Amino acid sequence: MQNFLSAATGIAVIFALTRAYARQKVSTLGNAWVDLTRITLWLLLPISLLIALFFIQQGVPQSFSPNQGFTSLEGVRQMLPMGPVASQEAIKMLGTNGGGFFNANSAHPFENPTALTNLVQMLAIFLIPAALCFAFGEVVGDRRQGRAILWAMTLIFIVCVAVVMWAETRGNPHLLSLGADSSINMEGKESRFGISPAACLPWSPPPRPAGRSTPCTTPLPRWAEWSPCG
């Protein structure tokens, strides 16, 4: 609920600001409770449902079970974490809410199992901010103003991404001076996708290690097919 209300609150504030520009002769800016209800029920819930269903289709867990036990190739009994990951991940990305279901957030394969989910999660972050630019233009009666705001945001984003990507691909100079292999800064990065735009390319599960052809004792669900036991 907090994920929905926090996102709805931000959108409601933006619309209050937009109405302040559009309503020159009116002393009110709307009803906050009405805005929160409409944003949550008519915008966030439907889109989050569609994104969550896509995540489930891609292999993100969606269950009320806290975990699932299985026996590893070494014969050790382990527990796979589960829970309503897909539904929480959808509103987390759509509402740009911090904190994922697992500690590693979208770097965890259960939250972000494929390159397609990685792409959709990135697009979900931009969806509402970009749409609000067009909404601003519609409300004030001048679509050019909305497009101008979007272009300004886009240019700032491109410049910032270019600087960050340049820094990330240069590694850590302090580690390089010590002889460490730090040509690319992978600290805190998703090792399957890396830091380059290649994250948008189709990704396939890693090959099974040599000598590990013996199947697991307990079959794993579809969302765990990335495991060497798959």
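Reader: Where do Glu 89 and Lys 92 sit relative to each other in helix 3?
Author: They are three residues apart in helix 3 (residues 85-94), so about one helical turn separates Glu 89 from Lys 92. Bear in mind that this is a predicted model.

Reader: Why would that spacing matter for direction?
Author: An α-helix has 3.6 residues a turn, so residues three or four places apart point the same way.

Reader: What do Glu 89 and Lys 92 form, and how far apart are the closest N and O atoms?
Author: Glu 89 and Lys 92 form a salt bridge. The closest N and O atoms are 3.1 Å apart.

Reader: Buried or exposed, those two, Glu 89 and Lys 92?
Author: Both Glu 89 and Lys 92 are buried.

Reader: How many salt bridges in the whole structure?
Author: The search finds five. One of them joins Arg 19 to Asp 35, with 2.9 Å between the closest N and O atoms.

Reader: Which parts does the Arg 19 and Asp 35 pair tie together?
Author: Arg 19 lies in helix 1 and Asp 35 in helix 2 (residues 32-58), so the bridge ties together parts 16 residues apart in sequence. Arg 19 is buried, and Asp 35 is too.

Reader: And Asp 142, what does its side chain meet?
Author: The side chain of Arg 144, in a salt bridge of 3.2 Å, N to O. Asp 142 is buried, at 19% relative accessible area. Arg 144 is exposed, at 58%.

Reader: Which residues do shared partners join into one network?
Author: Glu 89, Lys 92 and Glu 111, through salt bridges that share partners.

Reader: Switching to helix 1. What span should its 21 residues have?
Author: At 1.5 Å a residue, helix 1 (residues 2-22) should span 30 Å. Its end C-alpha atoms are 30 Å apart, which agrees.

Reader: Which residues of helix 1 are buried?
Author: Asn 3, Phe 4, Ala 7, Ala 8, Ile 11, Ala 12, Thr 18 and Arg 19. Their arc around the axis is only 145°, so they lie on the same side of helix 1.

Reader: What does the face turned away from the buried side carry?
Author: The exposed residues Gln 2 and Val 13.

Reader: Now aromatics. How many pairs?
Author: Five aromatic pairs turn up in the whole structure. Phe 101 and Phe 102 form one that is edge-to-face, 5.2 Å centre to centre and 70° between the planes.

Reader: Which residues make up the aromatic cluster?
Author: Phe 101, Phe 102 and Phe 110.

Reader: What about Phe 126 and Phe 157, how do they pair?
Author: Edge-to-face, with 5.0 Å centre to centre and 80° between the planes. Phe 126 is in helix 4 (residues 115-140) and Phe 157 in helix 5 (residues 143-168). They are 31 residues apart, so this pair links distant parts of the chain. Phe 126 is partly exposed, at 40% relative accessibility. Phe 157 is partly exposed, with 40% relative accessible area.

Reader: Which residues form the nonpolar patch on the surface?
Author: Ile 125, Phe 126, Trp 151, Leu 155, Phe 157, Ile 158 and Val 161, with about 680 Å² of accessible area together.

Reader: Which element gives the most to the nonpolar patch?
Author: Helix 5, with five residues. Helix 4 and helix 5 are the elements that give two or more.

Reader: And Trp 151, where is it?
Author: In helix 5. Trp 151 counts as exposed, at 59% relative accessibility.

How values were computed
Residues numbered from 1 in each chain as written. Heavy atoms only, no water. Phe/Tyr/Trp six-rings, centres within 6.5 Å; stacked < 30°, edge-to-face > 60°. Helix = DSSP H or I, 4+ residues; strand = E, 2+ residues; numbered from the N terminus. Buried < 20%, exposed > 50% of the residue type's maximum accessible area, 1.4 Å probe, protein only. Patch = residues over 30% accessible without salt bridge, like charges linked within 9 Å, V, L, I, M, F, W, Y side chains within 5 Å. Areas by Shrake-Rupley, 256 points an atom, 1.4 Å probe, with all protein chains shown as cover. Salt bridge = Lys/Arg side-chain N within 4 Å of Asp/Glu carboxyl O. Expected span 1.5 Å × (residues − 1). Arc of directions from axis to C-beta.
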